[in-house]
Amino acid sequence: MTDQPVRGSVPLWRTPEALILIIAQLLLSIRDMPIGAFMLVYLQGQGYSPTVISQISSSAQIAGMLTAMVTGSIAQRIGNKWVWVGGIALAALNSLVFQSTSVWWIAGWWVIGGIGMALAGIGSASILTFIGGKTQIGVLSSIYILCFTVGGVIGNPLIGWLITRYDYHTMSIAALVMSVIGIGIVLFGIPHTAPVKSPTNTPNQIDWQFIRNPHALLVMGMRGLATVNYGVLTVLIPLLLNQTAQDVYLVASYASTMLVVASLAQFLAGRAADKWGALWPTIICFAVMVGCGGILFWGTHSITLLFVCGIISNAAAWALSSLMYLWVADFIPSDRHPLLLGWLHATWSICMVIGSLLGGWLILYTQGLPFLVTGLLCLVPLWWTWQLYRGGKGIA
């Protein structure tokens, strides 16, 4: 891999290569974030049943998860930048769903798009850690994650306007054009990253020896257990708020407030990590999830506690999603970043499903039990974080 770009005293997030990363990610998020929701509406309008629609959607998620597991090997062959470019190109093909009526073409385009989304996500994240190197990347990672939220805020009404003013075909063409622009920005604005072969494996193989590395396992475990808790929060808090208050406007207010607070938490966690390191922001976030889990165990019948603890715990989970890039940069060799980021993507997918299913099962016993169990589980990554950043005693 080429050397990291040389910087002076300019903050990392304000360097040219970082600004290009942010611009490209924001543009592609404006394209990508609304596509999933409008795909469901389009297929419903074509007369497909919810069962068929869910099967198409799940197929793309599974394809993306499997792709993520081998993306590190692909990056070793062609480099992170070309993984991102290739991912954008493949992800662009999911917009062809809106040009199709046959279920096989729709499923095919959507699965290819799922593969592309996985490649693009891991490629751009690898570029993030490449640009940052061993420097402070907390603020940059928080802005990078914020691009997804801002992309949805801008993209949803934009895509909705295109469909209402014109039609799905026009929207599809606009999405393709945005993809082409994104490819151009990445090609000409992002530093080249040369492919780096593993010393123990060929690029066509998964480096299982590295995946068993204690640091890699701990980072995946920290990401996974946080995601299990987040999966429970995502499903159950809105349902319990609606069940308790019988007010959809309250649920909408919760969702909007959560986005604002979570985005602010990401930025504050990034700033704190840049100033003092990732140890204490990570520990505080896990401790918040543990504490909120205990409070929610006793307070699920209180609208106030559901609202406040749901927002705070979600904010901690979002902050951890930014801090994850610092864990990777702090403990993983740069040539292994794409490999681990791919496995982290797969870990997130699996643990979101586990969290949703676990929450649905535990709530049958006691309404607050899912929050208590998954909150207490966060004690484990809290301890792992301390061990990891305090010299790894007991890890190896």
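Start by selecting Gln246, which sits in the loop between α8 and α9. Helices here are DSSP runs of H or I with at least four residues, numbered from the N terminus. This is a predicted model, in which local features need pLDDT of at least 70, side-chain atom pairs count only at pLDDT 80 or more, and totals for chains, interfaces and linings use all residues. Residues are numbered from 1 along each chain as its sequence is written, and side-chain values use heavy atoms, with hydrogens and water left out.

Stay on Gln246. Its phi is near 55 degrees, a positive value in a residue other than glycine. Is Gln246 buried or exposed? Gln246 has a relative accessible area of 64%, so it is exposed. The cut-offs are under 20% for buried, over 50% for exposed, and partly exposed in between, using a 1.4 Å probe and protein chains only.

Now select Gly221, in helix α8. Gly221 is buried, at 15% relative accessible area.

Next, go to helix α9 and pick Ala269. Ala269 is buried, with a relative accessible area of 8%. Leaving aside neighbours within four places in sequence, Ala269 is in contact with Pro281, Ala319 and Leu323. Contact means heavy atoms within 4.5 Å. Show Ser322 too: it is 53 residues from Ala269 in sequence, yet 7.9 Å away in space, C-alpha to C-alpha.

Which residues lie nearest the centre of the second largest pocket? They are Ala265, Ala269, Pro281, Ile284 and Cys285, out of 14 lining residues. Helices α9 (248-276), α10 (279-299) and α11 (303-331) each give two or more residues to this lining. The pocket holds about 230 Å³ of space. Its lining has 14 nonpolar residues, no polar and no charged.

A word on terms. A pocket is found on a 1 Å grid over the protein atoms alone, as an open set of points where a 1.4 Å probe fits, with protein on both sides within 12 Å along at least five of seven lines; lining residues have an atom within 4 Å of a point. Grid points are joined across faces, edges and corners, and the volume is the space filled by probe spheres set on the points. Nonpolar covers Ala, Val, Leu, Ile, Met, Phe, Trp, Tyr, Cys and Pro; charged covers Asp, Glu, Lys and Arg; the others, Gly among them, are polar.

Select α10 by itself. It has 21 residues and reaches 30 Å from first C-alpha to last, close to the 30 Å expected at 1.5 Å a residue. That expected span is 1.5 Å times one less than the number of residues. Its buried residues include Phe286, Met289 and Cys292. The buried residues of α10 pack against α8, α9, α11, α13 (369-377) and α14 (379-389).

Last, highlight the cysteines. How many disulfides are there? The count is zero, where a disulfide is a pair of cysteine sulfur atoms within 2.5 Å. Cys378 is buried at 0% relative accessible area. Its closest cysteine sulfur, in Cys292, is 10 Å away, too far for a bond. Cys351 is buried too, at 12%.
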